[in-house]
Every structure is written in C-alpha cells, then in structure tokens.
Amino acid sequence: MRLIIKDNQVVPDTWELLPKDATLDQLTNTGDVIVPLAMWLEHSHALKARDGRLGVWLDADEEAECIAEDLDSFAVIALNFPVFSDGRNYSNARLLRDRYQYQGELRSIGDVLRDQLFFMRRCGFNAYALREDHDPHAALASLQDFSEVYQAATDQPLPLFRRR
Amino acid sequence: MYIYDEYDQRIVEDRARQFRDQVRRYLAGELSETEFLPLRLQNGLYVQRYAPMLRIAVPYGVLSSQRLRKLAYITRRYDKGYAHITTRQNIQLNWPNLEDVPDILEELASVQMHAIQTSGNCIRNTTTDQFAGVAADEIIDPRPWCEIIRQWSTFHPEFAFLPRKFKIAINGAREDRAAIGVHDIGLNAVRNEAGELGFQVLVGGGLGRTPMVGAEIRAFLPWQHLLTYLEAILRVYNRYGRRDNKFKARIKILVKALTPEVFGEKVEAEWQNLKDGPATLTESELQRVSKYFVSPELESFPGDDAGYLDKRGSDKGFNNWASRNVHPHRAPGYAAVTLSLKPNAVAPGDITAEQLEAAADLAEQYSLGEIRSTHYQNLVLPYVRQKDLYELWHKAREAGFATPNIGLLSDMICCPGGDFCSLANAKSIPIAQSIQEQFDNLDYLYDIGELELNISGCMNACGHHHIGHIGILGVDKKGEEFYQVSLGGKSGRDAAIGKILGPSFAANQMPTVVQKLIDVYLEHRTPEERFIDTYERIGMDPFKERVYAADH
C-alpha cells in the first residue's frame, strides 16, 4: 500500500483516487474514494448515498469556490499539482481553510516534492502524497525547514510582528 | 539601516542550512536538474555560460562598510575578485562554484545578507530610490516600507510558485527615481488631504517582451492595509495569471486582458476578506521598523559650505564632478555623492574587490558607514559633509570612482549580456564600451547633457532599454548579433516606453548610429532642451532620416 505523510507521520494510504475520466459505475458502495470535481458536481446525490467515505480532488485550474457549500460532505479534499511549479493550489488551500473553515484532511497530490512541503504545510495542507519516486520518510524533515516565519498564513495566523 | 534581531538572523541561517542540504542532495543525484532548478533560482543561483552566477540580495540597495568588506572577501575567496551591481540594486558574482554556494550563503548570513528570492517565479527584491532618507524632495522615507515588504514576502508560502517573477518598487519623493511605473506593483507613498499616510497603487507595469506602464488601481490605500492589499493582488495574480505561456505570464498581461478596472475590482473583492485581519499593520510594528531608519545625528550647518563653493569656483575638474556626482541633501551643509562605476573600458556596474574595500573605507570615513547601490549600477554615499567633498573627490579618483558622468550619456545602464548571461541574444558590454569610446571627450559629454542610454542583451530587458531616452536591444538574426534602437523612453513620474527607430544594426555600426542621433539633437535643440525634450518636440522622423540616410 502506498505511503503518505499525514499529520507529521508516514502512514498507509487507505483512499482510492479516481482519475478525471472515471465514471460512476466504476464505484463500489463501500471503499473510501476521492472523486474528481466534475463527478461531484454531476453526481453529488449518488455519491453522498454511498456507504464508503467520500473525498474530492481539485485540479490546479479548478476553484475552491465550487465546493465551498459542500465541505461537510468530504472527509478529504485533495489538491493536485500537475507540476510542482504550478502554485495555484496553494491559494485554493488557503481559501478552503481560512475562508471556508474546512476542517478535514487537506492533501496535496500530483507532483509533490519534498522541498515544497514546508510551504504546503503553511497553506493548510496536513497530508502529502509525495510523487511515487520520493521517500516520504526522508521528506518528513523538510516540514521543519524553518524554525520561524514572518508572515501570517494558515498554520500561523499571527504575523511575526504581532509576536516578536 | 535595518539590523536583524534573533528572528531575522534565524531565518537566514535556516535558509543557508536548507540550501546546503539541497545542494548535497542534488550532487548526490537525489534531486533532478528540473527539481533543483527552482530551488537554486530562489537562492539566486543561475547556471550560466561559463559558470554559475549568484545574485546576492541587497534589499532596497542599502549596504554598509562591513557588508562591502565581506563582499570583497567573498569575491576573492570564491570568485575572480570582482562583482557586478545589477539594474535592480543587487550584486552578482559571475564565477562561483556550485559546491561553494552554501558556504557563501553562510558568509553572507554572518553580515545579515542573503540571496533569498533574487530569482525564480516569486516576489523579488523590493527596490526604491537610492537617495531614500536623504533626498531634498522626499515626502516619505520609503525604506521602512521596503523592509516591511521584504519581511512579508520572504518565503511567503502561498506565492513561492507564481506564474512568473514579481517585482515591487516604492517611491516616496516628488521625483520618481525608483521607476515604479515599470514594476509589477508600483507604490507611491503619499499623504491624503487629512495628512494621513498611504499609498497610490499601480499594477501591471513592466519591461521585457511586452513593455507597459502600470495602471493605478487605488489612489489612496491607508498604510495599515498595505500587506493585506498586496496579498489580495498577489492572490488574484497567482490564481488567474497565465501559466500556459511564459511570455504572457507576467501580471501586466492579466491586467491588460481584464482591464485595470476589472482587475482592480477583483482585488478589491478579495481584499474585503483579508482587510482588518491579523496581517493588518500596527503602529508599533511601523515604529519598530522605522527606528532603524531615523536619520543619524548630523552636524548642524547654517547652509552650504563656503570652502566647498570656493573650490568649485577654482578647480574645474572638481566642479565638473560636483555638478554631476554630488546631489542635494535635506540637511544643510551635507550632500549625497554618487561613486561612478562607469569609467570607460570597464563593464558598467563592475566593481573589483579592491574597489569594494575602497568604497567601504570611503563610506566609513565620509558617510557614517552607509552606502547604497543604485539601479543605475552605481554606488551612493548618502551622508557626506560638503566640507569633506574636495578630499573625498581626490580619494574617489584614486579608487576609480570619480568619473564625472552621472546622468550623462556614458553613465549607461547595461546588463551583463551575451558575455555572461545564457538568456542573452547578443553581447551588450562591448556595445557599451564602443559607445563610451566614441564619446570619451568630457566637454562634449557635458555639452550633450543629460541623457539616459540603456542597453539590454535580450527581450528580458534587464538593461531597461525600453525606458532609456536611447534604448538599445540585442537581437538575434539568423545566428548573428544585431541591435535595435528605440527613442523616447523615460522612467520617472511620466514614464514612457521608447519607440523603435527602424531596422536593426550590426555591432560595429552602433557608435556611428548613436553619434548621428546626437548630431540631430545638437542641431535641433533649444538652449534649455535635453535630448528627450528635443525628441518629444520634433519626433522620430529627423532622427530616422539621418540614421538610415547613409544606407541609400
């Protein structure tokens, strides 16, 4: 089973991530699935009726606003990084946490590399599915790259100037 | 000058440690070239034609004797004994070894310097007026605001992977010496009718492939809201800026596509959610930062120094220098002095280790240990007593800093170009040198008067060619280097983008082309007109006719 980092620990991943072109009939009734946004928007009733737990994933060009009303339906929201240099989902993460008060698991997926983890954590991610060829055990250390930060973000809502 | 406390120090030390590990993993093959790229770029490290190039941050151009000495040491120990001042007030090393860069960062951290975010698609060094804090026409000292923005932007987690690089400039004087109109965000510190401090906000200016002057999206932003408002701009840009084409990824393209009005509305809507949040600036933070920029104790003089004025009357060489390189100061009896890094036959902005030390000594002796780098690629001593100017002039001459050409044709802005930079289409330094040779007669240069000539080796426009009165751009034509000339660019309050003169020229034609442009100006000018004024009055045609006439 694939390993991910969640809440500062390496744990097995129990969720199935469905690709963008997945269809509803591929789904089993039990099992924990993370569905693409389009499937959620089209089949929310059917998805909510399942017994398994539900997550949704947003690609970099999809907007947090689309699911702002539905956050209670999800145990996981995954945000995809098609390439690590595409930073749009850092903003989606902050909106989900700061503006829409999402409390569940927020996971980064896709081209997720160790040297981005510190930034991701600050934007509200608490789970990271590193790219397959990367060792999550080694990557754990990068969550602690800096011992102090200047600006307010999700993990530290007070900027340093209100704390120093 | 801002002094790091334990927090600031810890952050730069953590960075040096982090980068040491990243380099180790790269050299061990654990990080691919592509993965290492943004990591090294965000530490200012490029891989160039002959060696890596390391760009060291000089936040808003403020340096000290101690920092210059450290830089001199670094250039000797890790490089070839010289450095280069960039057009964004930073300092570049052209020949460091990759393996040494972690050590260099550690050395820099020991004098409160770093290379954080000097490259990459993130928020870059915030730049400002080189005369900040001393200019006679200053309304608000921009340096505390630059430092506040430096801290806010350093490792901002949401904006480390923007569509493209992002540059902020602040002006606080009547004249705009920070070129805020050609930055992604330009901030003009102003007071409203009630006397309250705030900022006029421009967005979407920039040079490069699609040069544009920024548009105002807010006439007055109360200072408390500076960071939340910047955050709103950056968030809108991060989410909606184009990422499919790097040539269309700067914020100016988004602002133009949406129109400044619509872009401004989006920012305003985003800001309503952030406004008055914890990132709202406090009076105590403003005071904490501002106290580092309080004007030092200066002697009080009744007015201009009589001895200085006498010397100007009796020594022509000194008077030339004083008329070009000495600038008005808000304190009576004081001056700001530009040390020219534009002697003939040296790449504009280059400075040797010996000169770095000489400048450190001059700053210590004559300017309270403080010195500035400028986007014109010179150095400035901000606190010089007028009565010391004559002595300073002699010493500056010995160190090669006294070329009396500030603001004249030979004080040109020039990027490193094809000699060093792997992005360049063409060399720029040899063009600068051939023009300097053509115009090496000082009396003639004085007669020509104020003229900004800017040279870039490629579209990226590091040499700011678009805003030169005369702009020169290196272009590649079937593998050969050619140069396109533009006229009428300006920085400052009424910033404008130059217009292309016509077909480009071979390198060896350039001195003659510039000569012809100058000839047309000298023939048409009225006594009070600068080159740019004459150009604006008579237009492009007379210049065009003269330059291209010989071809027929």
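This is a predicted model: local features need pLDDT of at least 70, side-chain atom pairs count only at pLDDT 80 or more; totals for chains, interfaces and linings use all residues.

Trainee: How far apart are the end C-alpha atoms of residues 119-273 of chain B, and how much of the span is helix and strand?
Mentor: The ends lie 30 Å apart, with 31% helix and 18% strand. Residues are numbered from 1 along each chain as its sequence is written, while chains are lettered from A and ligands numbered from 1 in the order in which they are written.

Trainee: What annotation covers residues 119-273 of chain B?
Mentor: An unreviewed UniProt entry gives "domain: Nitrite/sulphite reductase 4Fe-4S" for residues 119-273 and also 413-547 of chain B. Such annotations may be inferred rather than shown by experiment. In the span 413-547 of chain B, the end C-alpha atoms lie 22 Å apart, with 35% helix and 19% strand.

Trainee: Why are β1 and β13 of chain B said to stand at the edges?
Mentor: The open sheet runs β1-β2-β5-β4-β13 in chain B, with antiparallel pairing. β1 (45-47) and β13 (350-352) of chain B each have a single partner strand, so one side of each lacks a neighbour in the sheet. On average, neighbouring strands are turned by 30° against each other, direction ignored.

Trainee: What makes β1(B) and β2(B) a pair?
Mentor: Pairing takes at least two bridges found by DSSP. β1(B) and β2(B) (residues 52-56) have three, in the antiparallel sense. So they pass. Val47(B), for one, is bridged to Pro52(B) in β2(B).

Trainee: Which residues does Ile233(B) touch?
Mentor: Ile185(B), Val203(B) and Val267(B), leaving out residues up to four places away in sequence. Contact means C-beta atoms, placed from the backbone, within 7 Å.

Trainee: What makes a set of residues a nonpolar core?
Mentor: Its members are buried Ala, Val, Leu, Ile, Met, Phe, Trp, Tyr or Cys, joined through C-beta atoms within 7 Å. Buried means 20 or more other C-beta atoms within 10 Å; 12 or fewer is exposed, in between partly exposed. The largest core here has 209 residues; Tyr128(A), Val203(B), Ile233(B) and Ala359(B) touch the most other members. Helix α6 (residues 226-240) of chain B gives the most to this core, nine residues.

Trainee: How many residues does each chain bring to the contact?
Mentor: Chain B brings 29 residues and chain A brings 29 residues. α1(B) gives the most on the chain B side, with six.

Key: Helices (H or I, at least four residues) and strands (E, at least two) are DSSP runs, numbered from the N terminus. Two residues are in contact if their C-beta atoms, placed from the backbone, lie within 7 Å. Axes are lines fitted to C-alpha atoms, for helices over the stretch in contact, and angles run from 0 to 180 degrees between N-to-C directions.
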